[in-house]
Amino acid sequence: MYVILNAAMSVDGKISTKNNDSSISSKMDLIRVHKLRSSVDGIMVGISTVLMDNPILSVRFPTRSTKNPTRIIIDSNARIPLDSNIIRSSKKIQTIIATTHHASPRKIKQIQNKAAQVIVTGNRKVNIKKLFQILEKMSFKKILVEGGGEINWSVLKLGIINELIVTISPVVVGGRDAKTLVEGVGFENISNGIKLKLSNTIIQNKNEIVLFYKLR
Ligand SMILES: NC(=O)c1ccc[n+]([C@@H]2O[C@H](COP(=O)([O-])OP(=O)(O)OC[C@H]3O[C@@H](n4cnc5c(N)ncnc54)[C@H](OP(=O)(O)O)[C@@H]3O)[C@@H](O)[C@H]2O)c1
């Protein structure tokens, strides 16, 4: 399986502001991301991203596509609202809610009744390593991880990312409570950090840079 992590951040490394405004990408970058989405089998995000942004995670730029990747939501307690854009569109676009044994069986049933598939793995937190093994058995070949910071940490720490694509938007937002590209507990020393190899760079709209890294 090939796994790509894509995110857009401010120059100071924030993926959203302290008020959870995450509209960082330019239109040109959105077109790039939606093209990337159209090349994968699955798009994965954490439940906080769903709760904060209410995304639909479909392919819409430059034009709406009829073929969308499966949305995979990491949601330990099955907190996803039944009226969220993801659940509301799950009859049209395949959806997987990855949850744990801790989630309410009643809520799991309600999600399934809305045509979303539920995968249960892990006790308190979704076991992402096992989830990827399950997705591989289900014939997923290419997955795009689209955040947020906690999920980015979990997948990077597991060593399952092949490629990291980061758009640096020419803006500084600050804020100690604003989410950064990678959250989690982090490494203690730089020497333990995840090593990257720059494979390409693109400059968009004069001031926006897209960095393409391969994991070493
Ligand atoms: N600029 C960008 O490219 C971009 C992209 C995406 C999101 N964002 C922004 O990022 C922010 C959300 O990021 P976030 O870091 O707060 O949350 P997140 O990564 O979207 O979701 C984190 C949540 O996922 C659940 N989870 C379950 N199992 C997990 C595991 N093994 N590892 C990690 N998380 C697990 C946890 O909640 P439970 O315990 O309840 O399951 C956890 O709190 C939003 O403001 C959004 O707008 C920006």
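Where does the ligand sit? The ligand sits in the largest pocket, a pocket being an open set of points, on a 1 Å grid over the protein atoms alone, with protein on both sides within 12 Å along at least five of seven lines; a molecule sits in a pocket if more than half of its atoms lie within 2 Å of its grid points.

This is a predicted model, in which local features need pLDDT of at least 70 and side-chain atom pairs count only at pLDDT 80 or more, while totals for chains, interfaces and linings use all residues. Residues are numbered from 1 along each chain as its sequence is written, and side-chain values use heavy atoms, with hydrogens and water left out.

**The ligand and its shell**

Of the 29 residues around the ligand, those that come nearest are Thr49, Asp53, Ser76, Lys125 and Ser154, where a residue is near a molecule if one of its heavy atoms lies within 4 Å of it. By class, the shell has ten nonpolar, twelve polar and seven charged residues, with Asp, Glu, Lys and Arg counted as charged, Ala, Val, Leu, Ile, Met, Phe, Trp, Tyr, Cys and Pro as nonpolar, and the others, Gly among them, as polar.

| Protein atom | Ligand atom | Distance |
|---|---|---|
| Lys125, side-chain N or O | oxygen | 2.7 Å |
| Ile15, backbone N or O | nitrogen | 3.0 Å |
| Lys179, side-chain N or O | oxygen | 3.2 Å |

Taken alone, the ligand exposes 930 Å², of which the protein buries 89%, with accessible areas from the Shrake-Rupley method with a 1.4 Å probe. Strand E1 (2-10), helix H2 (47-53) and helix H6 (149-158) are the elements that give two or more residues to the shell, and H2 gives the most, with five residues; helices (H or I, at least four residues) and strands (E, at least two) are DSSP runs, numbered from the N terminus.

Lys125 has its place in the loop between strand E5 (117-120) and helix H5 (128-137), and it counts as exposed because its relative accessibility is 66%, the cut-offs being over 50% for exposed and under 20% for buried (1.4 Å probe, protein chains only).

Two residues other than glycine have a positive phi: Leu57, near 55°, and Lys206, near 70°. The peptide bond from Gly147 to Gly148 is cis, with omega near 0°.

How values were computed
A polar contact is a pair of N or O atoms within 3.5 Å; within protein, one must be able to donate a hydrogen and the other to accept it, and residues adjacent in sequence count only if both atoms are side-chain atoms. On a 1 Å grid over the protein atoms alone, a cavity is a set of points where a 1.4 Å probe fits but cannot get out, and a pocket is an open set with protein on both sides within 12 Å along at least five of seven lines; lining residues have an atom within 4 Å of a point.
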